[in-house]
Amino acid sequence: MTDFTNKSVLVLGGSRGIGAAIVRRFVADGANVAFTYSGSPEAARQLATETGSTAFSTDSADRDAVIARVRDSGPLDVLVVNSGIALFGDALEQDPDAIDRLFRINVHAPYHASVEAARQMPAGGRIIVIGSVNGDRMPLPGMASYALSKSALQGLARGLARDFGPRGITINIVQPGPIDTDANPADGPMKDLMHSFMAIKRHGRPEEVAGMVAWLAGPEAGFVTGAMHTIDGAFGA
Ligand code: NDP
């Protein structure tokens, strides 16, 4: 546990799954936490009530709304960009508008949110983006857009680490393997195939990812930037 008392944390996409675990973790560690949601207002309301965090409706596919939300949050000590979607299917059949929306949520939002946060972020600030082991390894067909979007985050971290490092701001990517959430339930139809790729044959827990995020946001990680941090039971090994 790290003491985040008086630290200001914004989690983009915090209403459910990994994002909600990250919200809970920072609240438990004493931070002032705000998070965004889009499609799950009831889950967001419940989480905000339970934790004392603040929920904002902000669609991560809307660039200007994302920038405004980050700007209006004031100086952030920690920005976590968690919102992300996956689309499965035959690349030849997929709707190009849906694919472009995925890129807006998974790639454009992390870029613009990170840059906007850095405008006001103090020295010691932390930017953490949730990528995926699929940024390194995509062993299945039908997910090229998702893999592309998560690989793109690697370039984001490498580049912005150079831009913001001199100001004492770090940026890192957390790359989970299969994690038990609505998007990838531990008892889903793909579980045996996914576990066959892994050394630890289970889904991870959202809290395990939140623990890595908290470490990256804390004082021990001040020398860690521009890097990918994989937490995947060796899915990508
Ligand atoms: P879930 O689908 O369970 O939750 C997604 C979260 O992102 C929700 O809080 C959702 O909020 C939010 N979100 C999605 N789209 C938008 C949007 N347009 N605007 C605002 N918020 C949005 O996913 P996970 O928790 O499983 O995944 C979280 C992140 O982790 C994603 O980036 C995903 O790619 C990544 N990841 C997940 C893995 C897994 O196995 N679960 C593995 C590797 C990476 P709302 O419902 O309110 O819109």
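Q: Which residues have the most contacts inside the largest nonpolar core?
A: In this predicted model, where local features need pLDDT of at least 70, side-chain atom pairs count only at pLDDT 80 or more, and totals for chains, interfaces and linings use all residues, they are Val11, Ile22, Leu79, Val80, Val129 and Val213, in a core of 54 residues. Residues are numbered from 1 along each chain as its sequence is written. A nonpolar core is a set of buried Ala, Val, Leu, Ile, Met, Phe, Trp, Tyr and Cys residues joined through C-beta atoms within 7 Å.

Q: And which helix gives the most to this core?
A: Helix α7, residues 206-217, gives the most, with seven residues; helices (H or I, at least four residues) and strands (E, at least two) are DSSP runs, numbered from the N terminus.

Q: Which residues of α7 are buried, then?
A: Pro206, Val209, Ala210, Met212, Val213, Ala214, Leu216 and Ala217 are buried, where buried means 20 or more other C-beta atoms within 10 Å of the residue's own, exposed means 12 or fewer, partly exposed lies in between, and C-beta atoms are placed from the backbone.

Q: What do those buried residues of α7 pack against?
A: They pack against helix α1 and against the strands β4 (78-81), β5 (126-130), β6 (170-176) and β7 (227-231).

Q: Back to Val129, what does it touch?
A: Not counting residues up to four places away in sequence, Val129 touches Val81, Pro110, Leu153, Leu156, Ala157 and Ile173, a contact being two C-beta atoms, placed from the backbone, within 7 Å.

Q: New topic: which residues come nearest to the ligand?
A: Gly13, Gly17, Tyr37, Ser38 and Gly84 come nearest, of the 30 residues around the ligand, each counted if its C-beta atom, placed from the backbone, lies within 6 Å of the ligand.

Q: Where does the largest share of that shell come from?
A: The largest share, three residues, comes from α1, and both α1 (17-28) and β2 (32-37) supply at least two residues each.

Q: What about Ser15, where does it lie?
A: Ser15 lies in the loop between β1 (8-12) and α1, and Ser15 counts as buried because 26 other C-beta atoms are within 10 Å.

Q: Which residues is Ser15 in contact with, leaving aside its neighbours in sequence?
A: Beyond its neighbours within four places, Ser15 is in contact with Ala20, Phe35, Tyr37, Ser40, Ala43, Ala44 and Leu47. Of these, Phe35 is 20 residues apart from Ser15 along the chain, yet their C-alpha atoms are separated by 7.4 Å.
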